[in-house]
Amino acid sequence: MKSETIEKNYQVAKERYAALGVNTDKALEILQKAPISLHCWQADDVMGFERNTALTGGIQTTGNYPGRARNVAEVRQDIEKVVSLLGGTFRFNLHETYGEFGDKFVDRDQCETKHFTGWMQWAKENNLKLDFNSTSFSHPKSGYLSLSNPDKEIRDFWIEHTKRCRRIADAMGKYQGDPCIMNIWVHDGSKDYTVERSRYRQILKNSLDDILSEKLPNMKTCLEAKLFGIGMEAYTVGSHDFYAGYCSKNNVIYTLDTGHYEPTENVADAVSSLLLFVPELMLHVSRPMHWDSDHVTLFDDKTRDLFAEVIRANALNRTHLGLDYFDASINRIGAYIIGVRAAQKALLQALLEPLPTLRKYEDEGKWFERLALMEEEKTMPVGAVYDYFNYKNNKPVAEEYISDVEQYEKDVLSKRK
């Protein structure tokens, strides 16, 4: 797209939004600085580099598109390519199984900061901040229960793993001068009906109490709930109810993964409720299709509604933005870019909403006017503003990135066997 066209379209959009009292320049400034955490596991289908085995433990990747990253160097290569095609600010979210373990097998209760110093250096060189995750799945001791396991030996293994992950996250935060956000998600549950719901949740609570008792100043812990896991459809120990209560009582960040709720549930509705009781939110933005299928995030109604609620609740400064999907059926670089652009567009549209006018209508009981304006804003020229955002960042505008991804597939991905 020609620069003259982009600038002309932006000026028209700017005037249109200004007529509603919205400052597009200010919205773009906020969008530029709002970090989005890119998830490492889209690059290699959540395989990691500990055992190189297929996923187990409540999650599943579908598809076998060529070009999966096979080692740390290829993950970094792919992420550098992704970031080169995107404007804005980014973080990088690592699972523990992506450490640099060399030729020596390092079990998860033995992981150390030294296995991630290379990631810290790489992130600094690429102007990225790191986030982190403990990894309870795809391990011989995963089974159905990890932190909630009545077997003390297995439970202690996962407690030690999670404690070590928090210390690694703390080291990352100290190194980068910015808190590392560490997410804890365990798949624990039951395939069929259980009579021990209370027992397992009591054990999980005790395990978390133990893990979180260590005060680490350079990291923040968040806890992630789930509706169910594959092979554990009847019961989930770490349900929404459990973590909403635990995070509220213990002042812990709550992770909202948009794929982890009932298909008809509006996840956006949880934002304002949770923020009354928890300090911050971590968003894992995905696209469920009938179940937690982790399809690539799109600029759809649910994504737009989620980001709109964050802005309407004046909670962007209390909300960490991240992506969480692993689509192995399409080009993985393209999957990253589609998802990031969808999240950025949703945030931008939320920032461009004429909130003062809408709130005035609501306070005055002008509900027709409120609904009418909300409908009109859906077709406001947000695309022209987002094109200008990429143009000012010297990044591909609109569909121009497609050819870059195709060329990278030809030059790099196609050669990975």
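H260 is placed in the loop between β8 (253-257) and α8 (269-274), where helices (H or I, at least four residues) and strands (E, at least two) are DSSP runs numbered from the N terminus. The structure is a predicted model, in which local features need pLDDT of at least 70 and side-chain atom pairs count only at pLDDT 80 or more, whereas totals for chains, interfaces and linings use all residues. Residues are numbered from 1 along each chain as its sequence is written, and side-chain values use heavy atoms, with hydrogens and water left out.

H260 is buried, its relative accessible area being 5%; buried denotes under 20% relative accessible area, exposed over 50%, and partly exposed in between (1.4 Å probe, protein chains only). Not counting residues up to four places away in sequence, H260 touches W185, E224, A225, K226, L227 and D292, a contact being heavy atoms within 4.5 Å. D292 belongs to the loop between β9 (281-285) and α9 (301-312) and is likewise buried, with a relative accessible area of 8%. Beyond its neighbours within four places in sequence, D292 is in contact with K226, D257, G259 and H260. The side chains of D292 and H260 are joined by a polar contact of 3.1 Å. A polar contact is a pair of N or O atoms within 3.5 Å; within protein, one must be able to donate a hydrogen and the other to accept it, and residues adjacent in sequence count only if both atoms are side-chain atoms.

In the unreviewed UniProt entry, the annotation "binding site" covers H260, D292 and D294. These residues are spread over 35 residues of sequence but cluster in space, with a largest C-alpha distance of 9.7 Å. The lining of the largest cavity includes H260, D292 and D294. A cavity is a set of points, on a 1 Å grid over the protein atoms alone, where a 1.4 Å probe fits but cannot get out; lining residues have an atom within 4 Å of a point. UniProt positions follow the numbering used here, feature names are shortened, and annotations may be inferred rather than shown by experiment.

A further histidine, H139, lies in the loop between β3 (129-133) and α5 and is buried, with a relative accessible area of 7%. Its side chain forms a polar contact of 2.7 Å with that of D107, and a polar atom of the H139 side chain lies 2.9 Å from the backbone nitrogen of K141. Apart from neighbours within four places in sequence, the contacts of H139 are E50, R51, T56, D107, R108, F157 and W158.

Helix α5 (residues 152-176) has 25 residues and reaches 36 Å from its first C-alpha to its last, close to the expected 36 Å, the expected span being 1.5 Å times one less than the number of residues. The N-terminal end of α5 is capped by D151, a side-chain oxygen of which lies 3.0 Å from the backbone nitrogen of E153. G177 follows α5 and has a positive phi, near 70 degrees.

Strand β1 (residues 35-39) has four of its five residues buried, so it is largely enclosed by the rest of the structure. β1 pairs with β2 (residues 89-95) in the parallel sense over five bridges; two strands pair if DSSP finds at least two bridges between them. β1 also runs parallel to β10 (residues 319-323), to which two bridges join it. The bridge partners of I36 are F90 in β2 and L321 in β10, while S37 is partnered by G322 in β10. β10 is itself largely enclosed by the rest of the structure, because four of its five residues are buried. Five bridges join β9 to β10, which run parallel, and L281 has T319 of β10 as its bridge partner.

Methods
On a 1 Å grid over the protein atoms alone, a cavity is a set of points where a 1.4 Å probe fits but cannot get out, and a pocket is an open set with protein on both sides within 12 Å along at least five of seven lines; lining residues have an atom within 4 Å of a point.
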